[in-house]
Amino acid sequence: MNDRPALTLSAGIADRLAHPGTAPATATTEGNRQHLALGPIGIALLHIERAAADLGPWQRVHDWLATAARRPFTSGADSHPFYGAPALAHVLARAAEGLPGAYERDLDLLDRQVLDDVRHRLDTAHRRIDARQLPALAEFDAIRGLTGFGSYLLHRDPTSPVLRSVLDYCVRLTEPIAHDGDTLPGWWTPTGPSGRPDDRFPGGHGNSGMAHGIGAVLALLALAARHGTTTDGHHSAMRTILVWLDRWETTTPQGRTWPYWITRDELRTGRLAAPAPRRPSWCYGTAGLARAQQLAALALGDPARRAAAETALLDALTDPVQLRATADTGLCHGFAGLAHLTARTAADAFPENAQRLRTLLPVLLSTLLPPGTTPEEASTALVDSLAGPGLLDGAAGTALGILAASSTGPPRTAWDACLLIA
């Protein structure tokens, strides 16, 4: 699959999602309205990026945002970076990048709400740390927590004092904590990966992922450092996370991989129970963690780690076992996400690795167009599939991943800031 069919597929998805009135009903249901991952504001991101690249009209953006904003958006404790006012703020900020001056009044209001929410969350998190209690995943993760808020603030204002406070919190999160006779990393959570108590995880777990784990914290610290925004202990905190990842990496003839999480039994024995390769996605696995480590290596000036991270991604993308475990098209854990991560990683890679990564993009894109299927047929099938039309797992995100992987330059807007990969 060369660039033209890929771009035709992406454009076909955008056309199928041109207007809320002709899109699948799941895109506009009240239950999905405030969801960045599922609803109209996530679909608006696709049209924002296309309009900023002169590939589509801004009217599509306005139509989707108008549909979403017919009722107020949730703020405060019931909202988070992928739901409610903070999610809408991310989308409007990206629109303002592509169309300067747009949505200024709304963004000013949303920014005030976000700052108030972040300050409250920080106060709660520091009280929890002072009490020597373990955190919930939702306190710090990319989807619901302070890391996701930090990414928004970094792109809105890298000099923000509240952003610096978030970075102070991230540093403090890497400090070890004593709990039930064990010394645990500060991000160890007392629940299972769902965020709820889970009998399969007695004693909780240490989450490595980009969506819900320490990978996102590493990425935020690295991205902030690359923007010139650091705080006391910033580089030391990055190294603490990198040492943890080094401790739990698995090296096989196919390359280096990282577990999705560590259980309390694995921590106590020092051995992984089942070190088998798994899906190398953004949310969990080698692809997202390789990008986070590449960003950290760039921030720390560590060429050896940078090369190792790039090689880990190359190995994952050429390992049939890991690729067979990738079963869908979406951004979160599918081939579009892999293609987008590959393009982002290649842009910052050593020249030889960059070339090798780019040669893999057509292979990744080819998985999105089944043999004997036209781009037009594939776009309709993706929009109408069980995954739906949304951003994280659905067709809009697939179209964005294709667009980035088919381009010679970076995205025109920071639409993927919510993924903490750029």
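**Cavities and helix packing**

The second largest cavity has a volume of about 70 Å³. A cavity here is a set of points on a 1 Å grid over the protein atoms alone where a 1.4 Å probe fits but cannot get out. Grid points are joined across faces, edges and corners, and a volume is the space filled by probe spheres set on the points. The model is predicted: local features need pLDDT of at least 70, side-chain atom pairs count only at pLDDT 80 or more, and totals for chains, interfaces and linings use all residues. Residues are numbered from 1 along each chain as its sequence is written, and side-chain values use heavy atoms, without hydrogens and water.

Arg 128, Ile 129, Arg 132, Arg 172, Leu 173, Glu 175, Pro 176, Ile 177 and Gly 186 line the second largest cavity; lining residues have an atom within 4 Å of a point. Helix H5 (104-130) and helix H8 (161-173) are the elements that give two or more residues to this lining. Helices are DSSP runs (H or I, at least four residues), numbered from the N terminus. The lining of the second largest cavity has four nonpolar, one polar and four charged residues. Ala, Val, Leu, Ile, Met, Phe, Trp, Tyr, Cys and Pro count as nonpolar, Asp, Glu, Lys and Arg as charged, and the others, Gly among them, as polar.

The structure holds two cavities of 30 Å³ or more. Helix H4 (85-98) and helix H7 (146-156) each give two or more residues to the lining of the largest cavity. H7 supplies the largest share, four residues. Eight residues of this lining are nonpolar, three polar and one charged.

Helix H2 (residues 40-52) packs on H4 at an angle of about 10°, with the axes 9 Å apart. Axes are lines fitted to C-alpha atoms, for helices over the stretch in contact, and angles run from 0 to 180 degrees between N-to-C directions. H2 and H4 are therefore roughly parallel (angles under 35 degrees). Their contact (heavy atoms within 4.5 Å) includes Ile 41, Leu 45 and Ile 48 of H2 and Leu 88, His 90, Val 91 and Arg 94 of H4. The contact of H2 with H4 has nine nonpolar, two polar and one charged residues.

Helix H15 (residues 335-347) and helix H16 (residues 351-366) pack at an angle of about 160°, with their axes 9 Å apart. H15 and H16 are therefore roughly antiparallel (angles over 145 degrees).

Terms used
On a 1 Å grid over the protein atoms alone, a cavity is a set of points where a 1.4 Å probe fits but cannot get out, and a pocket is an open set with protein on both sides within 12 Å along at least five of seven lines; lining residues have an atom within 4 Å of a point. Angles under 35 degrees count as roughly parallel, over 145 as roughly antiparallel, 65 to 115 as roughly perpendicular and the rest as oblique.
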